[in-house]
Structures are given as structure tokens and as C-alpha cells.
Amino acid sequence: DNSRIPIVLMDAETYEYIDCNKAAITLFHLNNKDELIGKDISYFSPAFQSDGSNSKEKEIYYLNKALEEGAATYEWKHKWTNGELWDAEINLMGFISDNHQLLQFAVRDITEQKKAEASLKESELLIKSISDNLIDGIIYQAIATPDNKTRFNYISDAGKTFYGLSPEEAKANPSFFLDSIHPEDKKNFFDMREKAQKNLSV
């Protein structure tokens, strides 16, 4: 009950929630467990999931999967009682207690993670749109790691023209770019990279 991980217990026959810990009460924005007991996942979910599937049908699929295979891990779109939607990662497992089949799931809020992934995807699409219309240049998106190394998230197709490497090959070998910079220009490059890290732009 004192676990920091939100955990909910449910009956495998009725699919109703029968218990939860304090962390789950907090995560679901409830005042006490009585507001959860007797409900099922559809009460805390929109009618449809992010992929367009029916929440009730998808719920039964994963519940059966956990009962048949012992466990199931998946992402789920939840709904707080105020109607606001949020994303979760569910770790569901089945077990037997006093000859009764039960299901238990741990919940992790991944809303901010999903937002960050969507933002990154949008950024990549924008960069690709620009690079596809850029004739005499190469566009890349790089991350400076804590050990002062460079990792590329995106490199336009023009990299093959300029460096003879496909975007996949270039991302697998980040040193190719730094090695191609003229020694006299490297200081300027690193100064610009440091400025970009501080200001999020150059």
C-alpha cells in the first residue's frame, strides 16, 4: 500500500477494480479508493484509444493476453474524472489468490514523454520539409552528449551528396562530420555549438 508505484487490483471475471494503493489514488486524481472500487477501466478511459481502436475491445484483448501469457505491457490513453486525457504505460499481470483469478496492474504516467516524442517528430518533419527543398546544402539535427561527443538525430539526404554516406550511415558514424571540418574552422564550429546549447539556436 505504501509503494510509490501506482497499483490497481481487479477481478478477472467482472473486470471491476477491487483495491488500489495510495499512489494510484493520487495518480487518478481521486479523494479515496472508494471512488475507484467497483469501477472498471472504461470509466477512466475515453471511448477510443489513440490508434482509433475501441477502448473496451482493446481492454479485453490485453486482459485476456495477461491471463493467457501471465503478463502484458502496453500504452493506454486514460481519462481523469474532469475529462482531461493522459497517457500511461500499463504493466498488467494475472495471478490466483484463494482460488480466485485476479489481475494487477502498475501504472506509469508517460504524458510528458509522449508530448516530447510528438514535438520531436514534428520538428523532424519540419526539418525534412526544409531539407527536401534545399538544393546546395545539408541540414542536420545534433545532440551534444555530456562527454562532449556529438550524436545526430537527423541528417538530410544531401549528406550522401556531400559525404558519400546515407543518413543512416552518417548517424551510425557521427565522427564523419567532425573529421570533415577544416582544422581552422573547428574552433568556430565548437563555439557555435556551445552557443546553440545555451540559446537553443545559433
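How many bridges join strand β1 to strand β2? Let's find out, keeping in mind that this is a predicted model.

## The hairpin

The count is three, and they link β1, covering residues 7-11, with β2, covering residues 17-20. These two strands run antiparallel. If you want to see the pairing for yourself, look for Leu 9, which stands opposite Asp 19 in β2.

Together, β1 and β2 make a hairpin, with five residues between them. Have a look at Tyr 15 in the turn: its phi is positive, at about 65°.

## Val 107, a residue in β5

Now jump to strand β5, which spans residues 100-109 and includes Val 107.

What is Val 107 in contact with, once you leave aside neighbours within four places in sequence? The list is Pro 6, Leu 27, Phe 28, Trp 86, Ala 88, Glu 89 and Ile 90. Take Glu 89: it sits 18 residues away from Val 107 along the chain, yet their C-alpha atoms are separated by 5.9 Å.

## Ser 45, a residue in a loop

Ser 45 has its place in the loop between α1 (22-27) and α2 (55-69). With 3% relative accessibility, Ser 45 counts as buried.

Which side chain does Ser 45 join through a polar contact of 2.8 Å? That partner is the side chain of Trp 76. Leaving aside neighbours within four places in sequence, Ser 45 is also in contact with other residues, among them Ser 55, Lys 77, His 78 and Lys 79.

Methods: Residues numbered from 1 in each chain as written. Predicted model: local features only at pLDDT ≥ 70, side-chain atom pairs only at ≥ 80, totals over all residues. Heavy atoms only, no water. Pairing = 2+ DSSP bridges. Helix = DSSP H or I, 4+ residues; strand = E, 2+ residues; numbered from the N terminus. Contact = heavy atoms within 4.5 Å. Buried < 20%, exposed > 50% of the residue type's maximum accessible area, 1.4 Å probe, protein only. Polar contact = N/O pair within 3.5 Å; in protein donor to acceptor, adjacent residues only side chain to side chain.
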